[in-house]
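Visitor: I would like to go through a structure with you. Could we start with the overall make-up and then turn to particular side chains?

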Amino acid sequence: MNLVKLSFKNLISKPLNALLSLLLLVLSVALVTFMLQLSDQVKGNLDKNIKPVDLVVGAKGSPLQLVLSSVLHIDAPTGNIKLKDAEKLKKSRLVKTAVPVSYGDNYKGVRILGTETSYLKLYNAELATGELFNKSQQVVLGSTTAKKLQLKIGDTFLSSHGLADQSLEEHNGHPFKVVGILKPTGSIVDNLIITNLESIWDVHGHAEEDDDDEHHHEEDLEVTSLLIQFSNPMAMMQLPRYINDKTNMQAALPSLEINRLVKLLGVGVQTIQLIAIAILLVSGLSIFISLLKAIRERRQELALLRTYGATATQLLWLVLLEGLFLGFIGYVIGWLIGRCGLWIISNYAQNSYGYTFNLATITKWEAILLLATLGITVVASVLASLSVFKLNVSKILSSEK
């Protein structure tokens, strides 16, 4: 007797009986897998982008806002700081590398970042084609930006004031020229337009009209922030305290601020996961009720199988396999729906923040969820099939005549 084939036919013979159980199972698995992947991949992208930067120095305000704007480029800056103050910090023995960044403009919603070529080294960004900027109004494009904006080497464009594609005010007379396109890095660099600091100053009128880009008034020059790498472990304790207490600037540790943000978001993620687990347990109860009902409806069929030589253990396996089919099918459908949701979020994150998600990744927690799902269905199936051992074959068959 082929128990696997028979159990599958039993499952599909009355699909409505198992539909509610399947829907609950699919919903719980989809929620859990979606939230597990979303939290893991968002955290992974955040960690990848903040890893090269030990400290961010900028204007006074929210330290989290400073990190989000200067490192992750997803918020407005807290203000500007004087270039001369930033230069003083760069000379500190506690500083290994200090990269100034400045912005305030965009092109079709993509931020234009003014910085030095050392910024590209932080993220190991390399040219795919063209060359790096070496004078004002030259830009290099991140790989995603080049594809999104359909720009190529030699193209020119006018920037708009602000960090989002909402302003119609263009900086006439200061066109940018594309001189290079970067290879994909998997970081925020892929989603930026990068130029030198002089370009930002020129566009915003810090240079005199009759002077070239080497004759700025240094006293008036400002940058948005300074991205610092420490020269030694003691710098993490000493430098932020000195900057926050002794200067008019603010120091923020990206790792600390992002961990705080993740913890805040984690409360909501855990709540949704607990709800999904509760639904999973309810689906286990539903499977138990569904199988128990199916056994009672098929009492005569089971009794006939006993008369043809099937043992109680074989009948138990028949019900158990039916439950396992239900659990596995529910998990697969739920996993696929979860991935569809992640794909939608991935497209949004790619367009808005330049983050890429690996949809093919299967985590150990998803494997554990599969085992938990099958475990719950096994328990539900065994409990539902206990009545198989109490079948009174002669009585059942005689009552059906």
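Guide: The secondary structure of the chain comes to 13 helices and 13 strands. Helices (H or I, at least four residues) and strands (E, at least two) are DSSP runs, numbered from the N terminus. This is a predicted model, in which local features need pLDDT of at least 70 and side-chain atom pairs count only at pLDDT 80 or more, while totals for chains, interfaces and linings use all residues. Residues are numbered from 1 along each chain as its sequence is written, and side-chain values use heavy atoms, with hydrogens and water left out.

Visitor: What percentage of the residues count as buried?

Guide: Of the 401 residues of the chain, 47% count as buried. Buried means under 20% relative accessible area, exposed over 50%, and partly exposed in between (1.4 Å probe, protein chains only).

Visitor: And which salt bridge does Glu257 make?

Guide: The side chain of Glu257 meets that of Arg260 at 3.4 Å, N to O. A salt bridge is a side-chain nitrogen of Lys or Arg within 4 Å of a carboxyl oxygen of Asp or Glu. The two residues are separated by about one helical turn, because they are 3 residues apart in helix H9 (residues 254-297). Glu257 is buried at 8% relative accessibility, whereas Arg260 is partly exposed at 46%.

Visitor: How many salt bridges are there in the whole structure?

Guide: A search finds 8. One of them joins Glu87 and Lys90 at 4.0 Å, N to O; these residues are 3 apart in helix H4 (residues 83-90). Glu87 is partly exposed, with a relative accessible area of 27%, and Lys90 is partly exposed with 27%. Another links Asp155 with Lys152, with the closest N and O atoms 3.6 Å apart. Here Asp155 is buried at 18%, but Lys152 is exposed at 53%.

Visitor: Now Asp190: where does it lie?

Guide: Asp190 lies in the loop between S9 and strand S10 (193-196).

Visitor: What does the side chain of Asp190 make a polar contact with?

Guide: Its partner is the side chain of Thr185, at 2.9 Å. The side chain of Asp190 also reaches the backbone nitrogen of Gly186 at 2.8 Å. A polar contact is a pair of N or O atoms within 3.5 Å; within protein, one must be able to donate a hydrogen and the other to accept it, and residues adjacent in sequence count only if both atoms are side-chain atoms.

Visitor: Changing topic, how many aromatic pairs are there?

Guide: The whole structure has 3 aromatic pairs. Rings of Phe, Tyr and Trp (its six-membered ring) pair if their centres lie within 6.5 Å; planes under 30 degrees apart count as stacked, over 60 as edge-to-face and the rest as tilted. The pair of Tyr119 and Tyr123 is tilted, because the ring centres are 5.5 Å apart and the planes are at 55°. Tyr119 and Tyr123 are buried. Phe157 and Phe176 form a stacked pair, 5.7 Å centre to centre with 25° between the planes.

Visitor: Are Phe157 and Phe176 buried or exposed?

Guide: Phe157 is buried, and Phe176 is buried as well. Ring pairs link Tyr107, Phe157 and Phe176 into a cluster.
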